[in-house]
Each structure stands twice: as C-alpha cells, then as structure tokens.
Amino acid sequence: HKQKVVNWKVMGIMLGGSLPASLMTVFLLHRYFPDSSAYQDLLTTSLGFMLMLTALVLVFRNRILKHAMNVHLHPEQKGVQNHPYFWTFICGLFLGVLVTLSSIGAGAFGTAVLMLLYPRWVSLRIVGTDLAHAVPLTLTAGIGHIFLGHVDWSLLFALLCGSLPAIYFGSKIASQLPDRMLQIMLAVILGVMGAKYAFI
C-alpha cells in the first residue's frame with residue numbers, strides 16, 4: 001500500500017468471492033473431513049502441477065500481453081479480458097477453496113490469474129494487489145483452522161518472526177528490480193515449489 005501498487009477495486013472483487021468460499025470450505029471440512037490426511041496426497045500432487053503451470057504463465061507473460069493487446073484491437077473476439085471483473089470474482093471463489101484446503105494459492109494462483117486478466121499491469125502491481133487480497137483471505141482461513149484445531153502455535157510464532165520483517169524488506173527490494181527480472185524470479189520459485197509437491 002505504501003508503494004501505491006495495490007488496485008483496491010480488483011482486490012475487493014476477489015475478496016467478494018474468496019471469503020464466502022473459504023467459510024464454506026471450513027464448514028465442509030468440519031462436516032465431512034475431520035482428518036486432514038484423508039485428502040492430503042491428492043491435494044498436494046494436484047497443487048504441485050498447478051504451481052508449475054503458474055510458473056509457465058509467468059515465463060510466457062509477454063505472449064499473454066500480445067494476446068491482450070489483440071483483444072483490445074479486436075473486441076469482437078472472445079476472451080477472459082472481455083469480462084475481467086467477472087473472472088476476477090470467479091478467481092476469488094477458486095482461491096478461497098484452495099487457500100483454505102492447503103494454505104497454497106493466494107500468492108501463486110492469484111498472481112497467474114491477475115496476469116492473465118490484467119496483462120498490462122507491471123509485475124509489482126500484480127504482486128501487491130494479490131498480497132493485499134491474501135491478508136484477509138488467509139486470516140479467515142486461519143481462523144477456520146483454529147476452530148478445527150489444526151494450528152501449531154509455536155510453529156506459527158516462529159513463522160511470523162521470520163516472515164513479517166521479510167515482507168517489509170521484500171517489498172522495498174521488489175520496487176527496485178527490473179520487471180522482467182521479477183517475473184523470472186517468481187517463475188523459478190513457483191516452478192521449484194511445484195516440482196516438490198508434484199513429484200516428491
């Protein structure tokens with residue numbers, strides 16, 4: 001927010017889909033899957049492949065940009081850019097379920113979808129908007145898992161001690177990096193994460 005890279009309108013539309021989806025997922029987990037190990041293997045494998053797909057989207061961002069420009073010049077062609085707010089809401093629904101189930105998705109999938117829907121945005125605006133959306137979504141999902149009894153408080157404290165200072169410095173560093181370099185870094189990180197979940 002301090003870097004002025006968050007699009008609050010788009011963030012709000014995503015949140016309109018993700019928060020209800022997160023609450024519904026918590027309810028369904030409580031009702032039908034009291035033991036998280038029942039769906040763990042299938043979920044981590046599928047998420048691994050989707051993370052790698054996200055990395056490919058980042059690598060081919062320039063081609064996506066060319067496609068978006070073509071849609072702008074020829075509006076009669078059908079595509080997700082013709083109705084970006086509708087698909088942003090659908091993305092929110094999808095992310096609400098994924099984040100609540102696995103904690104993965106708010107950054108990886110949100111980044112990829114925002115890049116597809118708003119390819120003219122620079123990477124920093126995409127990351128900033130997606131992070132702003134991730135905060136209330138992960139808070140809602142986290143409260144749901146507290147209710148389900150799935151939270152290790154000592155581990156949570158250790159994660160916060162490392163991640164909160166890193167967020168501040170990371171946003172400062174990202175604002176100084178060339179856009180293409182930031183895309184490549186994100187693609188490599190997501191690709192490695194995806195390979196780990198899919199094959200290990």
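Q: Which residues is S175 in contact with, leaving aside its neighbours within four places in sequence?
A: In this predicted model, S175 is in contact with Q3 and L124. Contact here means heavy atoms within 4.5 Å.

Q: And where does S175 sit?
A: S175 is in the loop between α7 and α8. Helices are DSSP runs (H or I, at least four residues), strands are E runs of at least two, and both are numbered from the N terminus.

Q: Before we go on, what should I know about the numbering and the model?
A: Residues are numbered from 1 along each chain as its sequence is written. The model is predicted, with local features needing pLDDT of at least 70 and side-chain atom pairs counting only at pLDDT 80 or more, whereas totals for chains, interfaces and linings use all residues; side-chain values use heavy atoms, with hydrogens and water left out.

Q: Good. How many helices and strands are there in the protein chain?
A: Eight helices and zero strands. Reading from the N terminus, the order is α-α-α-α-α-α-α-α.

Q: What share of contacts joins residues at least 24 apart?
A: 83%, taken among contacts in the protein chain between residues at least 6 apart in sequence.

Q: Let's go inside. How many residues has the largest nonpolar core?
A: The largest nonpolar core has 23 residues, and V10, M14, L47, L95, L114 and Y118 have the most contacts inside it. Helices α1 (8-32), α2 (40-59), α4 (84-102), α5 (108-117), α6 and α8 (179-199) each supply at least two of its residues, and α2 gives the most to this core, with five. A nonpolar core is a set of buried Ala, Val, Leu, Ile, Met, Phe, Trp, Tyr and Cys residues joined through side-chain atoms within 4.5 Å.

Q: You mentioned L114. What is L114 in contact with?
A: Apart from neighbours within four places in sequence, L114 is in contact with V10, M14, P119, I126, T129 and D130.

Q: And T88, buried or exposed?
A: T88 is buried, because its relative accessible area is 0%. T88 is in helix α4 and touches V10, I13, M14, L117 and Y118, not counting residues up to four places away in sequence.

Q: Now the outside. Which residues form the nonpolar patch on the surface?
A: L139, I143, I146, W153, L156, L160, L164 and I167 form it, with about 790 Å² of accessible area together. Areas come from the Shrake-Rupley method with a 1.4 Å probe, and for residues only the protein chains shown count as cover.

Q: What are the rules for a patch?
A: Patch residues have over 30% relative accessible area and no salt bridge, with like charges joined within 9 Å and nonpolar side chains (Val, Leu, Ile, Met, Phe, Trp, Tyr) within 5 Å. A salt bridge is a side-chain nitrogen of Lys or Arg within 4 Å of a carboxyl oxygen of Asp or Glu.

Q: Which helix gives the most to that patch?
A: Helix α7 does, with five residues. Both α6 (123-148) and α7 (153-174) supply at least two residues each. W153 lies in helix α7 and counts as exposed because its relative accessibility is 53%.

Q: Switching to cysteines, how many disulfides are there?
A: The count comes to zero disulfides, using a pair of cysteine sulfur atoms within 2.5 Å as the rule. C91 is buried, with a relative accessible area of 5%, whereas C161 is partly exposed at 44%.

Q: Last one. What is the phi of K4?
A: K4 has a positive phi of about 60° although it is not a glycine. Most residues other than glycine have a negative phi. K4 is in the segment before α1 and is exposed, with a relative accessible area of 69%.

Technical notes: Buried < 20%, exposed > 50% of the residue type's maximum accessible area, 1.4 Å probe, protein only.
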